[in-house]
Amino acid sequence: MEFALPEHLPAVLGEMDTFIEREIRPLELSNIQYFDHRREFARTDIERGGVPAGEWEDLLAEMRSRADRAGWLRYGLPASVGGRGGSNLDMAVIREHLAAKGLGLHNDLQNESSIVGNFPRVIMMERFGTAEQRRDWSEALITGERAMAFGLTEPGHGSDATWLQTSARRTSGGWLINGSKRFMTGVHQSSHAVIFARTSGEPGQARGITAFVVPTDAPGFDVPFYWWTFNMPSDHGEVELREVYVHESAVLGELDRGLDVAQTFLHENRIRQAAASLGAAQYCIDQAVEYASERMVFGKALAVNQAIQWPLVELQTEAQMVRLLVHYTASQLDRKPHMEVSDKVAMANYRANRLVCEAADRAMQVFGGLGYTRHQPFEHIYRHHRRYRITEGSEEIQIRRIAQRMFDFGRASR
Ligand SMILES: Cc1cc2nc3c(=O)[nH]c(=O)nc-3n(C[C@H](O)[C@H](O)[C@H](O)COP(=O)(O)OP(=O)(O)OC[C@H]3O[C@@H](n4cnc5c(N)ncnc54)[C@H](O)[C@@H]3O)c2cc1C
């Protein structure tokens with residue numbers, strides 16, 4: 001049993017830190033309103049329904065393009081799209097490291113943009129796209145020249161995606177799509193969206209759902225409003241589709257096998273999200289320890305009280321256990337098909353997401369009144385990471401996945 005990280009990683013993390021200090025931190029400092037206590041207000045365009053402000057998104061784009069020029073953005077992607085072929089383990093360690101640095105332009109929580117990109121859509125395209133789709137999309141998605149939203153959730157169905165009601169029926173040379181989608185992240189700036197629609201079969205069947213790449217300016221594709229969320233800005237649009245026509249070539253992956261595309265997207269996110277949650281949790285724990293050591297109460301350091309120490313010890317212990325699970329799962333993902341380790345991915349994901357919420361909450365408590373202010377980062381970390389206990393397959397759905405493996409049920413829907 002080997003617990004050491006791969007040899008190349010410490011040097012990679014060091015080089016990355018140098019790059020951040022040299023090229024990203026100065027940009028962050030000259031745009032500090034997006035990171036200090038004003039962050040949610042500066043980032044949100046209230047006049048446009050609460051979507052991200054254009055200048056904020058431009059700043060993130062500049063960060064990504066600097067990272068791309070320096071060879072970091074594509075680190076986790078294969079060489080075929082200009083990447084460095086970083087493994088799942090590399091990516092887990094890197095994302096933990098970046099999140100453990102706290103809030104900053106190097107790794108924005110709300111937008112999920114980072115100097116080392118997480119590109120589930122590119123992987124989705126590379127794995128399922130035709131040669132033409134890959135040519136049209138992969139590079140453009142990496143550079144940010146084009147964006148593609150992801151439309152699985154509906155007003156009537158979220159966790160139970162196999163029950164979705166959006167449908168597509170054949171017409172001459174293509175398909176007509178009808179239905180509605182909810183919480184379609186990034187649709188405000190996406191030229192297209194992957195829309196999952198039933199093309200055959202019955203509600204509840206995994207087979208019979210197809211993924212379509214749909215232009216968001218197609219007649220009948222409407223975004224009536226954006227949901228205002230716990231963390232702002234919001235780019236989570238409600239979407240209506242009425243007789244939206246797409247050409248046959250809009251099908252992504254195999255007809256009726258769209259949920260394979262969706263699973264790939266979600267799995268790519270889940271392990272990296274777990275690593276980021278772990279890093280953010282460690283940041284909260286470390287900050288709380290440091291503050292408690294300096295803050296004087298009743299004439300002594302706050303940290304001497306066991307009531308302060310013990311909850312932080314519990315969190316540190318949990319963080320160490322989660323770290324071993326995240327590293328183990330990521331290294332398994334490097335060796336096996338992702339569905340074979342989906343239960344481990346689920347374990348890592350729900351425990352890491354729960355951990356960061358508890359760590360941010362505890363840090364607020366240790367910081368007292370200051371912890372509740374926006375001058376500290378914990379409220380932002382809490383509000384952002386709270387989302388992950390619901391979004392990429394909620395906590396209950398991750399637990400259900402583990403139960404499926406343990407009790408051997410639900411084979412049909414796997
Ligand atoms: C900020 C944000 C961004 C999002 N972005 C996207 C996006 O880009 N694309 C997209 O398609 N979707 C997106 N979503 C939607 C998200 O994936 C869903 O909200 C999530 O899958 C849960 O679905 P639901 O909200 O319909 O809850 P429901 O499915 O209605 O579930 C309600 C609650 O019941 C629990 N539950 C459900 N079934 C069971 C069960 N069998 N046993 C026990 N408990 C159960 C759930 O865990 C949940 O807590 C986003 C959501 C948010 C909040």
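Domain bounds in this briefing come from an automatic or database domain assignment. The model is predicted: local features need pLDDT of at least 70, side-chain atom pairs count only at pLDDT 80 or more, and totals for chains, interfaces and linings use all residues. Residues are numbered from 1 along each chain as its sequence is written.

**Domains**
- The protein comprises domain 1 (9-127), domain 2 (148-257) and domain 3 (259-413).
- The centres of domain 2 and domain 3, taken over C-alpha atoms, are 30 Å apart.
- Contact (C-beta atoms, placed from the backbone, within 7 Å) links 14 residues of domain 2 with 13 residues of domain 3.
- On the domain 2 side, these are nine nonpolar, four polar and one charged residues (nonpolar: Ala, Val, Leu, Ile, Met, Phe, Trp, Tyr, Cys and Pro; charged: Asp, Glu, Lys and Arg; polar: the others, Gly among them).

**Helices H9 and H12**
- The axes of H9 (residues 342-366) and H12 come within 9 Å and cross at roughly 150°; axes are lines fitted to C-alpha atoms over the stretch in contact, with angles from 0 to 180 degrees between N-to-C directions.
- H9 and H12 are therefore roughly antiparallel (over 145 degrees).
- Residues of H9 in this contact include Ser342, Asp343 and Arg354, and those of H12 include Glu395, Gln398 and Arg405.
- The contact of H9 with H12 has five nonpolar, three polar and five charged residues.

How values were computed. Two residues are in contact if their C-beta atoms, placed from the backbone, lie within 7 Å. Helices (H or I, at least four residues) and strands (E, at least two) are DSSP runs, numbered from the N terminus. Angles under 35 degrees count as roughly parallel, over 145 as roughly antiparallel, 65 to 115 as roughly perpendicular and the rest as oblique.
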